[in-house]
Amino acid sequence: MTFDDLNSFGKRKEPFLFISDFKAQNLKIIPLSELEQNDVEYRIEKKYTPKLHPDFLDKSALPFELYKKKFDFVIEKIKSGDTYLLNLTQPTQIKTKLTLKEIFECSNARYKLRYKDEFVCFSPEKFVEIEGSKISTFPMKGTIDASISNARELILNNQKEMAEHVMVVDLLRNDLSIVAKNVKVEKFRYITKIEAGEKKLLHVSSHISGDVGDNWHTRIGDILKALLPAGSISGAPKKSTLDIIEEVEGYDRGYFSGVFGIYDGKVLQSAVMIRFVEKTQNGYLYKSGGGITLDSNAKSEYAELLDKVYLP
């Protein structure tokens, strides 16, 4: 399937689910009427009571010393001017008694997807939403443990977090300007609370919007292709940063940090595929990471990478 196929579905107003990998090179399109026979499940912004589970993840993360080498490599690239924001991710080996289907059923998240017995994601981050003639995106950048005293004030007043968030908002505003007119920041740096297994996390997001016209259905694929990879989980400037990610991470993100979404014939809703568990021949991999800027601290970024390894 190609992004041109998404245009065709939109012209017919035919409802579908789409899944794009991080590099926007592998695209899956499934008519909504065929999800069950394809062994695919999703939930988008639906309130429900998840099944309780007593299971906790056993994590085997990349040692800090190895992470620090990758972190230092990114900092040198920032100093040389090749990037000024890079989302550095790594896989963590995990052990759990739950199947991917059980993880899907138990996880409490705004955006959830299980693709066969291959991977599951339970993401807190919306990507783009198109309704009427308006497109909106909601970059999420900035995370803190909610149990920390004055956590809200700390995250909002942290200069490193502020700089990182401003960079992402600027990047996404420019991205939206490729496909929309009258792009503006509707809401800047608001807080949402996320259940993160044994702890709660606060995330900082912004809302950016633009006008795409009434004929956007016929160019859904063109719009998505222009916006991918998602800026919040790649970096800026995007092209050179993607080259550095390819060089430094040392593993294939695959569908992790890609995008999935639903088109119902009237509205398009989508999410960034973070909080991601992949089934491999050697067991489960949980992929996570965070944004690196010149002011980043290696130990703090490493802790954030591990904080994001949880079942909500």
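Predicted model: local features only at pLDDT ≥ 70, side-chain atom pairs only at ≥ 80, totals over all residues.
**View 1. The salt bridge between K79 and E76 in helix α2**. K79 pairs with E76, and the closest N and O atoms of this salt bridge are 4.0 Å apart. Both residues belong to helix α2 (residues 64-79), where they are three residues apart, about one turn of the helix. K79 counts as exposed because its relative accessibility of 58% is over the 50% cut-off, whereas E76, with a relative accessible area of 48%, is partly exposed. This pair belongs to a structure in which a search of the whole finds 20 salt bridges.

**View 2. K160 and its salt bridges with E161 and E301**. In the salt bridge with E301, the closest N and O atoms are 2.7 Å apart. K160 lies in helix α5 (residues 159-179) and E301 in helix α8 (residues 298-307), so this pair ties together parts of the chain that are 141 residues apart in sequence. K160 and E301 are both buried. K160 also forms a salt bridge with E161, where the closest N and O atoms are 3.8 Å apart, and E161 is buried, as is K160.

**View 3. A network of salt bridges**.

**View 4. F138 in the loop between β9 and β10**. The loop that holds F138 lies between β9 (134-137) and β10 (140-145). F138 counts as buried because its relative accessible area of 13% is under the 20% cut-off. Leaving aside residues up to four places away in sequence, F138 touches E125, K126, F127, E129, Y190, S206 and H207. The C-alpha atom of F138 is separated by 9.8 Å from that of V185, a residue 47 positions away along the chain.

**View 5. The contact of helix α1 with helix α6**. The axes of helix α1 (residues 3-11) and helix α6 (residues 220-227) come within 6 Å and cross at roughly 140 degrees. On the α1 side the contact is made by F3, D4, L6, N7 and G10, which meet I220, G221, D222, L224 and K225 of α6. By class, this contact has four nonpolar, three polar and three charged residues.

**View 6. The contact of helix α5 with helix α6**. The axes of these two helices, α5 and α6, come within 9 Å and cross at roughly 150 degrees, which makes α5 roughly antiparallel to α6, since angles over 145 degrees count as such. The crossing of α5 past α6 is right-handed. D175, L176, I178 and V179 of α5 meet I223, A226 and L227 of α6, and the residues of this contact divide into six nonpolar, no polar and one charged.

**View 7. The contact of helix α2 with helix α8**. Helices α2 and α8 pack at an angle of about 115 degrees, with their axes 10 Å apart, and α2 passes α8 in a right-handed crossing. F64, Y67, K68 and F71 of α2 make the contact together with A298, K299, E301, Y302 and L305 of α8. These residues divide into six nonpolar, no polar and three charged. E301, one of the α8 residues in this contact, also forms the salt bridge with K160.

Key
Residues numbered from 1 in each chain as written. Heavy atoms only, no water. Salt bridge = Lys/Arg side-chain N within 4 Å of Asp/Glu carboxyl O. Helix = DSSP H or I, 4+ residues; strand = E, 2+ residues; numbered from the N terminus. Buried < 20%, exposed > 50% of the residue type's maximum accessible area, 1.4 Å probe, protein only. Contact = heavy atoms within 4.5 Å. Axes fitted to C-alpha atoms, helices over the stretch in contact; angles between N-to-C directions. Nonpolar A, V, L, I, M, F, W, Y, C, P; charged D, E, K, R; others polar. Parallel < 35°, antiparallel > 145°, perpendicular 65-115°, else oblique. Left-handed = near helix turned anticlockwise from the far one by under 90°.
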